[in-house]
Amino acid sequence: MGSALVCHDQRSVVFPSSGQSVRSRGSQDSDAQSKDALLRHTPSHASSEFREGWIEPAKQSVVTEQNVHLVTGISLGNVGVSGPTDPPAAPLTPAGNSMGSLTELQKALRQKEERIRHLEDLLRQRDEQVTELQSKLDKFQSVLPTSPSLVNMMGRTPRNKRALGISAEPQALRSAKEMAAQEFKKYPKSKGARDCIKAAILDNDFMKNLELSQIQEIVDCMYPVEYSRDSCIIKEGDVGSLVYVLEDGKVEVTKDGKFLTTMGKCKVFGELAILYNCTRTATVKALTNTKLWAIDRPCFQAIMMKTSLVRQADIVELLHKVAIFQHFPEETLNKIADVVEETYYDDGDYIVRQGAVGDTMYIIQKGKCHVTQRPGSGGSPRLTNTLKKGDYFGEGSLDGRDEKRDANVIAAEKDGVVCLTLDRDSFLQVTGGPDSFISKNIEDSKNKKVDSEFADIRLQDIGVIATLGVGGFGRVELVRVNGRNQTYALKQLKKKHIVETRQQEHIMSEKKIMMEARCNFIVRLYRTFGDSKYLYMLLEACLGGELWTILRDKGSFDDSTTRFYTACVIEALSYLHNKGIVYRDLKPENILLDSQGYGKLVDFGFAKKINLGRKTWTFCGTPEYVAPEIILNKGHDFSADYWSLGILMFELLTGSPPFTGSDPMKTYNIILKGMDMIEFPRKITRNAANMIKKLCRDNPTERLGYQKNGLKDIQKHKWFDGFNWEGLKKRTLTPPIVPHVRSNSDTSNFDDYPPDTDPAPPDDMSGWDKDF
């Protein structure tokens, strides 16, 4: 073997040998020309022995870049083989020292490989730095306010920011009798004005979902408002409580000083304000003299509440008259009232026919019906009875037997007949049947006193270690009590802010519920304190961090991880629901991991005790998680938690909730379109998708978990096949995420928060919190 040579005009390496010359790229140069070319490219400092030591080109083997790559696995293009204008990559070596030149080439190649590896290491380090900085950016965006323009510019999704819960003022739960007696002030209107208001409501994405009777009440109660040209009707950032319908004139809508749109007559605007106390998201200015109609939030919500309460009371009153229902408890009758449907029949319509097989019971709500029967020997049907409001028929079909109808029932009212209908499947799902009705005992929530080991702790005995979280009401600090090694979380709430947002009742409810809770899947509350500026809650410290920050950093969870943390939530909800408590604020931010990795519910500001079969009416929750019945002010119960559970599953599996809009009102309108409008990513398995859809049915009574077995139906779903529920309860399962907690003062699993630079809030000495 001879020496190596880089020939710049042919991009080849030449080794003198006795073999036949192999020319690169079909070169047809003569041997003399090749030799001259070689000598011309030989460095001037090369020895004459070197210059004369090259044998005839005919006895040389020319190895191309491709051949060297095949032998060595290294491209010469990466080690200095270049075009004719470049300097030689290496000095030529005499034929007698060919092995030395190959060694030098291999050494050069190794050096280049090391250089490449070094550059690759640098690239990996840069990638890691970019990932780390991106994670820090996400954390800062989740802690500090970020403008929408920056979020869009950075390509961030809304769920890289913490979701904020919202709440209206708590609604006083009045009886149906009280609500039925309530009269709303009505304002006279022309037929044109009434038609305009109704058309505007039916054209609005949110308000068109209301019942016609509710729309009629709203039309009656709207009062006139007039604004002159250039007047400001709504100012961005102001707190509002009115929704408007424009009957005449033209308005302009702007946001952040930028033009959005103009609106003409028979349009609704400002509708978010009738759901809860919030600031206006845009400015509306009159371009001409305008005539509007308005209704405020208290009146709107009272109409919604009255409609639902009175309807339910009327239905329950009719159910009491049915013999098979008379021994049912009130909560069961309330659930039956939720699943019955109102059906209208024209005069002369057959409601049931003799001889037909049926599975539905009917209760006459309005009008009368004729009962006719054909004699057994044949002939024309004869009138045997007349039924009126409160009468019922077909109840025998509810017990599971397919019996033939023994008579005809025909609508016999000029204005039509309205019947309440109850089918067998719905009846059995909510009751289990006439002989096995639901009679769950709500566990008594005795006023548990503060544990003796915490009774003597004073506020001045507590020292702050670090900040664990920041919210609208205040901060959460990791603290240690003097003389104790154990650490705790101290939630600090601004009394003035609580009063301004009218959340006093919610805060007192949170304290009562958490103080009484004894569940391994709910964060413990040990002690409460108060002074003139703040309320304090001394809580169990869960140092594994928020499930949300882990989800944010990972992007999404796999099926197994989602299943584990969904199961933790189900155990917590099961405990709460058995005590008659609805949670209403389920989201990843409200699930903390303890040091072992088990999930625990925290933040009970929206939780409320309602008892079985009852509803509550306050609009509260996190926009992406609220159920349709909350948005529509229909009254809600435990079923709202089942809806949120489905949304939680979707977010854990994908990294973002299924319903998101650019503002809360758009989010609510998307929610009202239903889960069937959502396209599920492929990574969500068939069983997971099936469970999510069953949890997120538009009708609360159809959701998985609402039926007679409650949350047990969720636990038995196929998605949970093989899951060790007993191991979860006994905490013998190994969680999919085991956080690294070095000590009881380690806050590394939480985001870093800026120091509290806000001025101290003003004193509040009103005394509303004397029992806190």
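How many salt bridges does the structure hold? The structure holds 29 salt bridges, a salt bridge being a side-chain nitrogen of Lys or Arg within 4 Å of a carboxyl oxygen of Asp or Glu. The model is a predicted one, in which local features need pLDDT of at least 70 and side-chain atom pairs count only at pLDDT 80 or more, while totals for chains, interfaces and linings use all residues. Residues are numbered from 1 along each chain as its sequence is written, and side-chain values use heavy atoms, with hydrogens and water left out.

The protein chain contains 22 helices and 33 strands; helices (H or I, at least four residues) and strands (E, at least two) are DSSP runs numbered from the N terminus. Of its 772 residues, 50% count as buried, where buried means under 20% relative accessible area, exposed over 50%, and partly exposed in between (1.4 Å probe, protein chains only). The accessible surface of the protein chain comes to about 37600 Å², and 48% of this belongs to carbon and sulfur atoms. Accessible areas come from the Shrake-Rupley method with a 1.4 Å probe; for residues, only the protein chains shown count as cover. Among contacts (heavy atoms within 4.5 Å) in the protein chain between residues at least 6 apart in sequence, 73% join residues at least 24 apart.

Several salt bridges can be described individually. R311 forms a salt bridge with E342, with 3.5 Å between the closest N and O atoms. This pair links distant parts of the chain, R311 being in helix α9 (residues 297–320) and E342 in strand β15 (residues 341–345), 31 residues apart. R311 is partly exposed, at a relative accessible area of 29%, and E342 is also partly exposed, at 44%. D559 forms a salt bridge with R563, the closest N and O atoms being 2.9 Å apart. Because D559 and R563 are 4 residues apart in helix α16 (residues 559–578), they are separated by about one helical turn. R563 is buried, with a relative accessible area of 17%. The side chains of K770 and D771 meet in a salt bridge of 3.5 Å, N to O, and both residues are exposed. K186, R194 and D220 are linked in a network of salt bridges.

Charged patches were assigned from residues with over 30% relative accessible area and no salt bridge, like charges being joined within 9 Å. Lys and Arg count as positive and Asp and Glu as negative, with His and the chain ends not counted; the place of a charge is NZ of Lys, CZ of Arg, CG of Asp or CD of Glu. A patch of positive charge on the surface is made up of K708, K712, K716 and K729. K708 is found in the loop between α20 (686–695) and α21 (711–715) and is partly exposed, with a relative accessible area of 36%. E341, D676, D698 and E702 gather in a patch of negative charge on the surface. E702 lies in the loop between α20 and α21 and is partly exposed, at 41% relative accessible area.

Most residues other than glycine have a negative phi. N633, which is not a glycine, has a positive phi of about 55 degrees. N633 is placed in the loop between α17 (628–631) and α18 (639–654) and is buried, with a relative accessible area of 2%. R731 likewise has a positive phi, near 60 degrees, and is located in the segment after α22 (725–730).

Note on methods:
Patches are made of residues with over 30% relative accessible area and no salt bridge: like charges are joined within 9 Å, nonpolar side chains (Val, Leu, Ile, Met, Phe, Trp, Tyr) within 5 Å.
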